[in-house]
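Have a look at the picture, then read on.

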Amino acid sequence: MTTTFRARRLPVHRGPAAWSAILPPRTPAPPLEGTQTADFTVIGAGFAGLSAARRLRQLVPEARTALLDASTIATGAAGRNSGFMIDLPHELTSEDYAGSGDDRTVIALNRAAQAFAAGAVDDYAIPPAYFDRAGKINGAASAAAHAHNLSYAAHLESLGQGSEMLDAQAMAEITGSRHYLSGLYNPGTVMLQPAGYVQSLADGLRRDGVALFENSPVIAFSREGSGWTVRTANGTIRTEKVILTVNGHLESFGVERGRLMQLFLFATMTPELDAEALHKLGGQHRWGITPSDPMGTTLRRIDTAQGGNRIITRTCAVLRSGMETRATDLARAARTMQAKFDSRFPQLAGMKMEHTWAGHLCLTMNGVSHMREIADGVFSGCVQNGLGTARGTLTGMGGAELACGVTSAITDHFTAEPQAKTLPPRPFRDLGANTVLRWKEWRARSD
Ligand SMILES: Cc1cc2nc3c(=O)[nH]c(=O)nc-3n(C[C@H](O)[C@H](O)[C@H](O)COP(=O)(O)OP(=O)(O)OC[C@H]3O[C@@H](n4cnc5c(N)ncnc54)[C@H](O)[C@@H]3O)c2cc1C
């Protein structure tokens, strides 16, 4: 009997991948053509796939590794996120980010992911502004939000993790916004230029011998003899092992159907701020604010070394189990984000955004990832629960380790996780989740 995994859906993006649009142009690797052979084939080149390929280079440098992505590097969620590579528990479904499991283990793993990424930064001469150990601030704009920050700070202290409470004046001096009553500074977050980091990592891997194929959507892979054949429209790879690092598109390949929440987040980016706007804005030239209520608004200021003096606003979420957002989703999010920007920066109110986009992430009801052997010689590093810069790095590393028969703290942690809980059937799943999301957004409206 032939085992075949067929891609029933391919990624569809709405809006530009703005983080790469603001970087100097890059020449993508050519698509897969003809017949190739490899020891390992990694499908999906976001944080997880790139990390899997790098881990393979470390574990089996003599092995031939192929890495394919449906689009160009950083077109997917890896180039659409807000770039917070967070070391601390950051449970999006909790009231204040405190985790529900073993937070000490999670912190150690997230720091291992940061260290692994820092190694790549050194080895591949990735510009330091793309991997900035600047820390982040949990901003609070209401008494309830400040209470979330206090409970989160107490939780961190119980874990032996330092943080610093900032008052309204300090927040205004950093951000140029008088919106915040307080902020909790967490020094351990790395602030990425996400597209800059993943593109530089991909190019470093290519120089290091990984065969990268961009614009090469995998349409199927099948068991043939002792190995697997991976197919795109114009080529095939005969390979011993497959590592699937496609995040929510795991479900498109028929795995974990009815168990993955296909969520979309939205973001906007200002044009380059001119001298007058910068003068009106004030504040420091780089900072990152996560909302103290997870359903609030994330804000980031970047500078010329990261693609220009700009502000990025992220808020709104919608569940779309069909993995495609609607034009109306983006239009609603754009209006909401403009209003949030205007209220936080009245001195720049009405500024027209240069880029507005949606991005795909994948969650499970019980917060678990999917990193295991799916079939003989096929491994996964998927489902990052919205924290894919760190967790994607970990599940990619772990997927590669499993494929090499290596165990580590990463493989021990993720293989011990229970299976993802089953979700309610469609259309109730989307209707119910979107009603809850809208209510939570409303509740966190000032945050
Ligand atoms: C607006 C927004 C803000 C976010 N902010 C943050 C943040 O600040 N910090 C954080 O940690 N996370 C954040 N996230 C989440 C983060 O972006 C994701 O968790 C992360 O990108 C997941 O990494 P990944 O490698 O698992 O998946 P992805 O980055 O989604 O990569 C999967 C890759 O698989 C490819 N693929 C899919 N199907 C196929 C196929 N058939 N053939 C070939 N390739 C295929 C896709 O093209 C894609 O490039 C945010 C997400 C969004 C949308």
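How far is an oxygen atom of the ligand from a polar backbone atom of Gly-83? The distance is 3.4 Å. Keep in mind as you read that this is a predicted model.

## Backbone partners of the ligand

A nitrogen atom of the ligand sits 2.8 Å from a backbone N or O atom of Phe-84. At Gly-386, a polar backbone atom is 3.1 Å from a nitrogen atom of the ligand. On its own the ligand has 1,000 Å² of accessible area, and the protein covers 96% of it.

## The shell around the ligand

Now step back to the wider surroundings. The ligand is surrounded by 35 residues, and the closest are Ala-48, Asp-69, Phe-84, Gln-384 and Thr-389. By type, the shell has 17 nonpolar, 15 polar and three charged residues.

Which elements give two or more residues to this shell? They are helix H2 (47-59), strand S18 (355-363) and helix H9 (388-403). Strand S18 gives the most, with three residues.

## Nonpolar cores

The largest nonpolar core has 57 residues. Those touching the most other members are Trp-19, Leu-50, Leu-67, Phe-131, Tyr-197, Val-198 and Leu-201. Helix H3 (residues 103-123) gives the most to this core, with seven residues.

Setting aside neighbours within four places in sequence, Val-198 is in contact with Phe-47, Leu-50, Ile-73, Ala-74 and Ala-78. Another core, of 25 residues, lies apart from the largest one and includes Ile-43, Phe-213, Leu-250 and Val-383.

Terms used
Residues numbered from 1 in each chain as written. Predicted model: local features only at pLDDT ≥ 70, side-chain atom pairs only at ≥ 80, totals over all residues. Heavy atoms only, no water. Core = buried A, V, L, I, M, F, W, Y, C linked by side-chain atoms within 4.5 Å. Buried < 20%, exposed > 50% of the residue type's maximum accessible area, 1.4 Å probe, protein only. Helix = DSSP H or I, 4+ residues; strand = E, 2+ residues; numbered from the N terminus. Contact = heavy atoms within 4.5 Å. Near = heavy atom within 4 Å. Polar contact = N/O pair within 3.5 Å; in protein donor to acceptor, adjacent residues only side chain to side chain. Areas by Shrake-Rupley, 256 points an atom, 1.4 Å probe, with all protein chains shown as cover. Nonpolar A, V, L, I, M, F, W, Y, C, P; charged D, E, K, R; others polar.
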